[in-house]
Every structure is written in C-alpha cells, then in structure tokens.
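Student: Please take me closely through one part of this model, and then follow the chain onward from there. I would like the cut-offs stated as they come up.

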Amino acid sequence: MIHLRSFVAGFLATLVFHQGLVALLNAAGVLPFAPYNMAPTEPFGVPSVVSLAFWGGIWGIVLWLLVRRLRGAKRWLWALAIGAVGPTAVALLVVFPLKGMDVRLAMIPVGLVLNAAWGVGTLLCRDALGRFGRR
C-alpha cells in the first residue's frame with residue numbers, strides 16, 4: 001500500500017504540479033512547448049503526458065523511499081532537492097540521448113525547477129492521500 005500511494009502521488013504530482021508549472025511558464029513565454037502533450041510515445045502509443053506521469057509515479061516511489069524517515073522541513077527540502085536533481089539528471093543524461101534529442105545547457109535550470117515542483121507536489125499529494133486513506 002505504501003508504494004501504491006507513493007506511485008499515485010508521483011503520478012498526480014506530474015499532472016498537477018509539473019505540468020501546471022509548464023502551463024504557467026508557457027503562458028509567460030518562458031517555455032516554447034505546451035503542457036499535457038498528447039502525442040503518442042513509443043512503444044505503446046500512449047500519450048506523452050501519460051508516459052511522463054507513469055514515470056513520475058515510479059519516481060514517486062523512489063522519492064518516498066529516500067525521504068520517508070526524515071521529518072519536518074528536512075523531509076520537504078530533501079524532496080525538493082531529490083525531485084530537482086534525480087529526474088533532471090536521468091532525463092538529460094539518459095533519456096534524451098537515447099531518444100536522439102539534443103541536450104542544451106538552457107534545459108538544466110528549467111528541468112531543475114519543474115522537477116523540484118514535482119518533488120514537493122509528490123509529498124503534498126502523498127500526505128493528502130494518507131489523510132484520505134485514514135478516514
């Protein structure tokens with residue numbers, strides 16, 4: 001149950017916090033791409049945003065395993081830091097090269113900010129799911 005809650009939290013945080021911030025940055029002219037990309041991805045043809053949210057769920061499990069023993073502000077700061085660095089590093093160093101995509105230095109701060117929002121959002125969603133499950 002712990003891992004399911006963490007997966008759902010990471011999945012939802014991708015849709016709400018990560019993609020919500022993409023929408024705000026796109027509207028402000030900071031990002032050239034829109035949120036909630038529905039273009040199909042390989043190999044299953046699911047919408048890109050669903051694939052992103054799935055991996056957000058996997059990262060949600062990883063995040064929780066790393067911060068679950070921490071308390072208070074320390075937990076939130078580590079979630080922010082792990083969220084910022086982990087998924088950004090994997091995207092830029094593994095995923096983009098595998099997909100034949102160029103990696104530009106300008107992507108680093110954007111990735112860090114988007115994924116930091118995801119990390120904090122994942123904890124918020126996980127806490128909310130935990131309260132919902134106790135009622």
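Tutor: Y36 is partly exposed, with a relative accessible area of 37% (buried means under 20%, exposed over 50% and partly exposed in between, with a 1.4 Å probe and protein chains only). This is a predicted model, in which local features need pLDDT of at least 70 and side-chain atom pairs count only at pLDDT 80 or more, while totals for chains, interfaces and linings use all residues. Residues are numbered from 1 along each chain as its sequence is written, and side-chain values use heavy atoms, leaving out hydrogens and water.

Y36 sits in the loop between α1 and α2 (helices, H or I of at least four residues, and strands, E of at least two, are DSSP runs numbered from the N terminus). Although Y36 is not a glycine, its phi is positive, at about 55 degrees. The loop between α1 (2-27) and α2 also holds P43, which is joined to E42 by a cis peptide bond with omega of about 0 degrees. Most residues other than glycine have a negative phi, and most peptide bonds are trans.

The buried residues of α2 include V49, A53, G56, G57, G60, L63, W64 and V67. They cover an arc of only 125 degrees around the axis, which puts them on the same side of α2 (the arc is taken over the directions from the helix axis to the C-beta atoms). An α-helix has 3.6 residues a turn, so residues three or four places apart point the same way.

Helix α3 has 27 residues and reaches 38 Å between its first and last C-alpha, close to the 39 Å expected at 1.5 Å a residue, and it bends by about 40 degrees at A91 (the angle between axes fitted to the seven residues ending there and the seven starting there). Among the buried residues of α3 are R75, I82, P87, L92 and F96; A84, also in α3, is buried with a relative accessible area of 9%. V94, by contrast, lies in α3 (residues 72-98) and is partly exposed, with a relative accessible area of 41%. After α3 comes G100, whose phi is positive, near 70 degrees.

Notes
The expected span of a helix is 1.5 Å times one less than its number of residues.
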